[in-house]
Every structure is written in structure tokens, then in C-alpha cells.
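Good morning, and thank you for coming. Please look at the display first.

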Amino acid sequence: MIVLETKRMLLREMDMSDVENLQGIFADSEAMRYYPKTKNVAETEDWIRWNMSSYRVFRFGLWLALLKENGAFAGQCGLVMQRVDDLPEVEIGYLFLRKFWGQGLATEAATACRDYGVNQLGYTRLISLIDPHNRASKKVAEKIGMAFEKETFMFNKHICVYAFHATASEHPTGPS
Ligand SMILES: CC(C)(COP(=O)(O)OP(=O)(O)OC[C@H]1O[C@@H](n2cnc3c(N)ncnc32)[C@H](O)[C@@H]1OP(=O)(O)O)[C@@H](O)C(=O)NCCC(=O)NCCS
């Protein structure tokens, strides 16, 4: 199911046929540099099952980003329910294939996910959880209007919490 459309991409729900696509990111140690480790096929299948269950429970999850021009898999971007410092938070997450880095795709997809979270789902606060050394990810967060809020400890390490706050004037089409 297609959830979102941006200038260059379609974002659709992932399913069990996407293992090979996702392995392009999860088996790449450079793309997974700020994660505990790469993921093998079985772990990638678990990841897909986890996202499919998130679609059912929360109406969102990480979606697959496909290039409109040729249908190629470019990455994944979406919304993830998290628990940060004992509070529920909705995170914007983004991971792209290395060959597509630096073309503004993550920023474009994350902007659409931000607007979907605010305008369609009614969230007024969205966050990103970022390794303190992940400069590209911090840049994407800043470019979609997030600002550094605090450092916390989760996933067994220090993590920067970046936050976006929606205001009525910024998002006039949002729910009342
Ligand atoms: C983070 C990630 C999604 C960014 O994807 P992308 O499509 O290259 O992002 P964009 O092109 O939209 O923007 C990246 C910005 O970061 C900047 N950037 C990239 N690497 C950087 C670095 N090492 N230091 C500082 N800035 C950097 C780019 O110049 C660009 O900013 P600009 O447009 O002002 O020049 C991609 O690097 C990725 O998939 N990384 C692996 C997974 C990951 O770490 N995800 C984030 C988890 S929190």
C-alpha cells in the first residue's frame, strides 16, 4: 500500500518480499555504523514483521522509499513508536542505500513523514533519536525543523534526542 508521495519518491508499506531490498542497507557495515551490528536475512525478516505489526497497531511504521523515475528501492523512512525516558514518543526514522546518499532523499522523505505525522495523525511533537557522532542524521533532523533537545541513555549508549514541535500556523491543514 502506498502511503506517501514526494517529488521524487513513493513511500509504501514493506512486506516479506522486501528482504533483498532491505539487505542492501542492513548488510552494509558503513550504513549500519551507528547501529549495534548489521542484520542478516533472518533479522531482516524480523524487522519486516515488526514494521507490519506497527502498521496494524499504530497506523504507521517505517515505509519503503522507491524512486518514482524507475521504481528502484532507495531506502526506508517513516514513523516509529518509541519509549524515551519513560514517555511514549513518535520518532521519524530514515535509512537509505549508500549509493543514494547526499542527494537530499532522506530530507525529502522525512519532511513528508513529518507532515503526515502532524497533519494526518495529529501529533504535535515528533523526535529523532541520533547517535552523537552521526552528523549526516543530525543534519537531516535540523533540515526538517528539529532541534537538539537533550541527551539520554538508550540502546546501551548515549543518544541525542532531536525534537520537532508543530504549531497551528506552520501546519494550517492540520486537525483541529
Ligand atoms: C542519515 C542518512 C539517512 C542521510 O541520507 P541522505 O539522503 O544522504 O540525506 P540528505 O542528502 O537528505 O541530507 C544529508 C545532509 O547531511 C550532510 N552530511 C552528510 N554526511 C555528513 C557528515 N559526515 N558530516 C556532516 N554533514 C554530513 C549532507 O551534506 C546533507 O546536508 P546538505 O544538504 O546541507 O549538504 C544516510 O546517511 C543513511 O542512511 N545513513 C545510514 C543510516 C542512519 O544512520 N540513519 C540515521 C539513523 S538516526
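I begin with the ligand and its contacts to the backbone. An oxygen atom of the ligand lies 2.7 Å from a polar backbone atom of Gly102. Phe96 likewise places a polar backbone atom 2.7 Å from a ligand oxygen. For Gln103, the distance between a backbone N or O atom and an oxygen atom of the ligand is 3.5 Å. A polar contact here is a pair of N or O atoms within 3.5 Å; within protein, one must be able to donate a hydrogen and the other to accept it, and residues adjacent in sequence count only if both atoms are side-chain atoms.

How much of the ligand does the protein bury? Taken alone, the ligand exposes 960 Å², and the protein buries 74% of that. Accessible areas come from the Shrake-Rupley method with a 1.4 Å probe, and for residues only the protein chains shown count as cover.

A word on the basis of these values. This is a predicted model, in which local features need pLDDT of at least 70, side-chain atom pairs count only at pLDDT 80 or more, and totals for chains, interfaces and linings use all residues. Residues are numbered from 1 along each chain as its sequence is written, and side-chain values use heavy atoms, with hydrogens and water left out.

Let us turn to the surroundings of the ligand. The ligand sits in the largest pocket. A pocket, on a 1 Å grid over the protein atoms alone, is an open set of points where a 1.4 Å probe fits, with protein on both sides within 12 Å along at least five of seven lines; a molecule sits in it if more than half of its atoms lie within 2 Å of its grid points. Strand E5 (87-96), helix H3 (105-120) and helix H4 (135-143) are the elements that give two or more residues to the shell around the ligand. Helices (H or I, at least four residues) and strands (E, at least two) are DSSP runs, numbered from the N terminus.

Which element gives the most to this shell? The answer is H4, with six residues. In total, 20 residues surround the ligand, and the closest are Phe96, Gly102, Gly104, Thr107 and Lys143; a residue is counted as near if one of its heavy atoms lies within 4 Å. By class, the shell has 11 nonpolar, six polar and three charged residues.

Helix H4 also holds Val140. Val140 is buried, with a relative accessible area of 11%, where buried means under 20%, exposed over 50%, and partly exposed in between (1.4 Å probe, protein chains only). Val140 and Gly122 are 18 residues apart in sequence, and their C-alpha atoms are 22 Å apart in space.

Elsewhere, Gln23 is found in helix H1 (residues 19-26) and counts as buried at 18% relative accessibility. In strand E6 (residues 125-130) we find Ile130, which is buried at 2%.

Finally, the backbone. Most residues other than glycine have a negative phi. Phe155, although not a glycine, has a positive phi of about 55 degrees, and Asn156 has one of about 65 degrees. Phe155 lies in the loop between strand E7 (147-154) and strand E8 (157-165), and Asn156 is in the loop between E7 and E8. Are these residues exposed or buried? Phe155 counts as partly exposed, at 48% relative accessibility, whereas Asn156 is exposed, at 74%.

Note on methods:
On a 1 Å grid over the protein atoms alone, a cavity is a set of points where a 1.4 Å probe fits but cannot get out, and a pocket is an open set with protein on both sides within 12 Å along at least five of seven lines; lining residues have an atom within 4 Å of a point. Ala, Val, Leu, Ile, Met, Phe, Trp, Tyr, Cys and Pro count as nonpolar, Asp, Glu, Lys and Arg as charged, and the others, Gly among them, as polar.
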